[in-house]
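This report covers the sheets, the interfaces and a few backbone details of the entry shown below.

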Amino acid sequence: MRDFEYDAPKALTDTIDLLARNGDAARPLAGGTDLIDQVRTGRLKPDLVVDIKQLDELNVLDVSAAGLQLGAAVPCYRIYDDEQIRSNYSALADSTQIIGGVQIQSRASVGGNLCNSGPAADSIPALIALGATCLIAGPNGERELPVEKFCIGPGQNALQAGELLVELKFPAPPAHSGSHYRRFIPRNEMDIAVVGVGAAVTLDDAGETIVSARIALGAVGPTPIFAQAAGDLLAGKAATDENFTAAAEAAQAIATPIDDMRGTKEFRLHLVGVFTQRVLRQAVARARGEA
Amino acid sequence: MSSKRIVTCNINGRPEEFLCQSRQTLLEVLRDVLDMTGTKEGCSNGNCGACTVQFNGRPVDSCLVLAVEANGAEIETIESVAPAEGLDALQNAFLEEAALQCGICTPGFIIQARALLNENPNPTEEEIRFYLAGNLCRCTGYDKIVRAVQAAAQSRMASATT
Amino acid sequence: MATAEKKYKVIGTRPIRHDGVDKVTGRAKYGADLHLTGMLYGAILRSPHAHARIKSIDTSKAEALPGVRAVVTNADLPQIGSKIADLGEGMFNLQHISRIALACEKVTYKGHAVAAVAADNIHIAQEATALIEVDYEPLPHVMDVREAMRDDAPILHEDVRTEAFASATDEPGDQPTNIAKHFFHEKGNIEEGFSAAHLVLEREFTTATVHQGYIEPHNATALWNPDGQITVWTSTQGTFVVREQLSGLLQEPISKIKVVPMEIGGGFGGKIVAYLPPVAAILSKKSGRPVQLVMDRTEVLEATGPTPGSYMKVKIGVDSEGLITAADAYIAFEAGGFPGSPIPAASMTVFACYEIPNGRVNGYDVCVNKPATKAYRAPGATQAAFAVESVLDEIAEQLNIDPLELRLKNAAVEGTRRVDGVEFARIGMRETVEAIQQSDHWKSEIGDGARHIEGPAHYDDGNKRCGRGFAAGFWFNAGLKSAVTATVRTDGTVALLEGSTDIGGSRAGIAMQLAETLGITAEEVTPTVVDTDSIGYTDVTGGSRVTFATGWAAYEAALDIQRQMVKRAALIWDCNADDVCYEDGRIVGPADKSFTFGELAAQVHKTGEPIIGRGSSDHNTPGGAFAAHIVDVQVDLETGKVEILRFTAAQDVGTAIHPAYVEGQIQGAAVQGIGWALNEEYFFDDAGEMRNATFLDYRIPTCYDVPMIETILVEVPNPGHPYGVRGVGEVPIVPPPAAIANAIYAATGVRMPNLPISPPNLLHALLENK
């Protein structure tokens, strides 16, 4: 493996300092399940690895009436083990439970999954569907960014030199809301998503009409895609299969899948349609308290 | 060349201190520096689980942990599973059920299964299968491994009540 | 469960394996666990090109890196001419092995080894390989077997001409070709056979390149001592064949070479060729230190021998009752970067399950720019069975005959002569198919006894259909040579030394046969697998031969011990040895005198020399094994995903020496077959580079992907073995892909003639079929 220095700062300010001074030569390390393999294979060539797991701000896991605060370094198992997250931010629990197997989930973080910015990342469609906001710290202070704007290309994101993702903030879920993330993989576990769909819906009090919906797609574009039009067309509509189909078609219309060894364009486009419907159905069932 | 670091941690209930480079994984240090070769390397990228160890109370792929991250950590490897006398229930079950053929995946499976049973003492067959999905075996087809975990669960529960 | 075997005391029981405690505690030493004083770590530089000429290699910068102790290329190996050696599971060209170990003049697949470095630690060794400068002249590459057979295909080896084998009569041409070998078998009159048929079906098939997928990567540690003695420690399926290869590649006599077996983490045929030992040896020679080389997963996938991808055409004619009148097969195998695919075996096994009055097989070994293929568990038979069993399934459907009845009508029996000319002795094809007919699974509805997936992969929605499929298969059992020595200890136990490296628990089965013969318990025998200086010549652990052949050698050693015990007792009792006999673990003499084995053993050192039994075997009366599998699948029509609901594997196992390990062989092979059917394949891009060379995207089944595998052990003892043993390890990988394809047809009405039946492929076919 490439030679590099390692540092484990205790304070966020020191971390930002290190990252700013070293620029591209430094990479933050949380769970390491992507980073270490990428350094080993030569895809990434850092001179300095900055371990961010000691930072309190990045280890926050707080569910309150105001919403969910999720530190960027919190590992998956802490997320899906949390009962409130399973109930109120279900799509997040769904995705963290299927990232790579139990051993990976002991270490991998959602923050890392987001910053790795893979087009097929499992957590990102869930984050988008749940309307998360990124809290970013840098040499010029803090800023916020809607999560759907974070990834800008395969493996590339909006972080500037010296910036670090600190936390993801989620709004409190309205009454009668439910969310779900599901992916298609050829085996039953351990695969990268061929297609991933995350959706969050809010129903009216009667549970019949969709008040609002957010749909996001993974593995069918250079970045995860916020299928805004597909979700918007459900607003005010009945939660029926016919309308789910319409939303699925809208989702297919903005997907831009490629042919690769995990699937063909045709296959992925077809699955976007199938999975958007399946995921919406499950999100609605959860919103109704049926699942 | 980066300087070597001193890492202090607790392995299998004993304090350990070792010298390593930042680029050495925990797996490499266990095997090549500490001569604890029970933990195996199969894939180098967290897909086969042959390198599974307990790290601060959680099963992890040690090929994806840097040794320097182990500073202050509590680590348990396959070498710690057997008690002072005899074998652990899982080890006995693997032998009795013939749940190993070449045996290379066995240490990883035992660490992972032990983590499962500590968390969920009476898992269903499907819960076992899901929890072990990160451990690959090419020899057994998993049938006898699942049966061994079920047998160990029974045996542990039986001795817990005595 | 095995049919009740009351005949034996030890055979048929399930003792704990002797090496078990070491394996469940992590104490067992596999090849990469070895640490020798002063040991260096090696790394290999590999070709980035699928096909290229090597114009020059400059190792000077690598040699100058601090911590590097030696750098080698093929130029450091003796330049040997083309030489064929019999390595047990087939003939190998030693020159090819030398060039696979380190490329000479050209590289013929991406990942082909080009140079190697030994250094103080693995990281320095890896850094050094990046400093080696190789000047390549890239050449056009060819990746598909049919394209490689065309006259205008890029040629891998200028000196290759098509060699004719068996009944083939080709004259080698004067133009270089990628078609290295042509096998031809013929029986009866194929044209008449097809004319007499009521129904003739001809279908084409393809299969993708698939790897054995053993969890332990290749390893070798070598020490070339100043006195010229070469010692290699390695995880291998054959210490003696490694010695043979080292001798041939290094041009050193075998007396100078000792191969020490470490425990081995899986092989399945892939750890017979010595990729690393010769390289480690010359690195050791150059550096004067022991050198260890261990592959990583990507190297294993890119540069060790997978099983061939294939193109096949099978034509079968039957009469109106379903009796086969003629069968014709065309099989082209991708040999990879060097000739030598398992096409001979495929050509012999393709129709072996059946009585074929008129038959013809054409088999081709074709070079392509992929890693050089090697044996994978019943090598070649799975591909061939996929084609034949799919065609028979279609015939059964068209004639409205039960698929099992169709097989039984045509089943090979004792006396059946195969298309390649070999006549079967007593075999169990009929009994195995009948066992399926009588099985609980066959008699149940689909859904009974089915796996219900729970957890994150479980969803009730989707449009799902279920179906059941059947397939049969055949594989040879090899005999070959084995040797053992067994020493009687004064505490009534026996130390058994043998040379068959243990990949699946075989040392227990060998010990059990010795114990049975002596009338002692399995626990009273301590088996150890020893090095090439410590035991007589023993052929590979492969070919489903170890329990048969090494077990037979152990049986002979036990008889030898019996004879010596009889003579010793006669000495003690001062009587004629003719009046003493060995029965049931006792030595019985005149006037009611007797010793138990243990009582006499206690007297051995007081009464004469140590008693050591010697046994060797070279028997070629192995039985041949038949398997019959049924599988229930569930297909999600909207995604092409296939779930295995229930799987039952019946097999004629001869005598199940240790039933748990026999079941284990069947279950493991069945799951490999499931992976082969549904997901495993090598993806190559336009540059001829494998895109999925890790376990992330080379997808073998996980625990969560399969149900329990039910096994039915049919015991038709092999009359050609003292305990009726048949080899069991390989045949169970033969039927699964065909059984699964047939089940998918039953579920969906769509025939899938190409492997793997991955979701995109199946969905595409389902959508086309609408």
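A salt bridge is counted here where a side-chain nitrogen of Lys or Arg lies within 4 Å of a carboxyl oxygen of Asp or Glu. C:D33 and B:R31 form such a pair, with their closest N and O atoms 2.7 Å apart. The model is predicted.

**Interfaces**

The pair above belongs to the interface of chain C and chain B, where 6 salt bridges are found. The interface of chain B and chain A has 2 salt bridges. A:K53 and B:E69 are joined by a salt bridge between their side chains, at 2.4 Å from N to O.

| Property | Chain C and chain B | Chain B and chain A |
|---|---|---|
| Residues in contact | 63 residues of chain C, 51 residues of chain B | 31 residues of chain B, 27 residues of chain A |
| Buried area | about 4,600 Å² | about 2,500 Å² |
| Share on carbon and sulfur atoms | 58% | 57% |
| Polar contacts (both at pLDDT 80 or more) | 31 residue pairs | 12 residue pairs |

On the interface of chain C and chain B, 63 residues of chain C meet 51 residues of chain B. The two chains bury about 4,600 Å² between them. C:V24, C:C703 and C:M708 account for 17% of the area that chain C buries against chain B, more than any other three residues.

Polar contacts between chain C and chain B number 31 residue pairs, both residues being at pLDDT 80 or more. On the chain C side, α1 (20-25), α4 (122-129) and α18 (659-678) each supply at least two of the residues that touch chain B. The largest share of that side comes from α18(C), with 9 residues. By class, the side of chain C that touches chain B holds 31 nonpolar, 20 polar and 12 charged residues.

Chain B also meets chain A, in a contact that takes 31 residues from chain B and 27 residues from chain A. About 2,500 Å² is buried there, with 57% on carbon and sulfur atoms. In chain B, the residues that lose the most area to chain A are B:R23, B:R58 and B:L64, which together make up 26% of what that side buries.

Between chain B and chain A, 12 residue pairs are in polar contact. β3, β4 and α4 (125-131) of chain B each supply at least two residues of the side that touches chain A. With 4 residues, β4(B) gives the most to that side. The side of chain B that touches chain A divides into 13 nonpolar, 13 polar and 5 charged residues.

**Sheet of chain B**

What is the strand order of the open sheet in chain B? The 5 strands run in the order β2-β1-β5-β3-β4, and their pairing is mixed. Neighbouring strands are turned by 40 degrees against each other on average, direction ignored.

Strands β1 (residues 5-11) and β5 (residues 74-76) of chain B run parallel and are joined by 2 bridges. B:N10 stands opposite B:E74 in β5(B).

Two helices of chain B lie across strands of chain B. Helix α1 (residues 26-33) lies across β1, β2, β3 (52-55) and β5 of chain B, at about 100 degrees to β2(B). The salt-bridge residue B:R31 falls within this stretch. Helix α3 (residues 106-119) of chain B lies across β3, β4 and β5, at about 40 degrees to β3(B).

**Sheet of chain A**

Chain A has an open sheet of 3 strands in the order β1-β3-β2, with parallel pairing. β1 (5-7) and β2 (26-29) of chain A are the edge strands, and each pairs on one side only. From one strand to the next the twist averages 25 degrees.

Strand β3 (residues 48-51) of chain A is joined to β2(A) by 4 bridges, and the two run parallel. Within this pair, A:A26 stands opposite A:L48 in β3(A). Helix α1 (residues 12-22) of chain A packs on the sheet and touches β1, β2 and β3 of chain A, and its direction makes about 160 degrees with that of β3(A).

**Backbone details in chain C**

The peptide bond from C:L755 to C:P756 is cis, with omega near -5 degrees. C:P756 lies in the loop between α19 (736-748) and α20 (759-769) of chain C. C:F268 has a positive phi of about 55 degrees although it is not a glycine. The loop that holds C:F268 runs between β14 (257-261) and α8 (277-287) of chain C.

Key: Residues numbered from 1 in each chain as written. Chains lettered and ligands numbered in written order. Predicted model: local features only at pLDDT ≥ 70, side-chain atom pairs only at ≥ 80, totals over all residues. Heavy atoms only, no water. Pairing = 2+ DSSP bridges. Axes fitted to C-alpha atoms, helices over the stretch in contact; angles between N-to-C directions. Contact = heavy atoms within 4.5 Å. Buried area = accessible area lost by both parts, 1.4 Å probe. Polar contact = N/O pair within 3.5 Å; in protein donor to acceptor, adjacent residues only side chain to side chain. Nonpolar A, V, L, I, M, F, W, Y, C, P; charged D, E, K, R; others polar.
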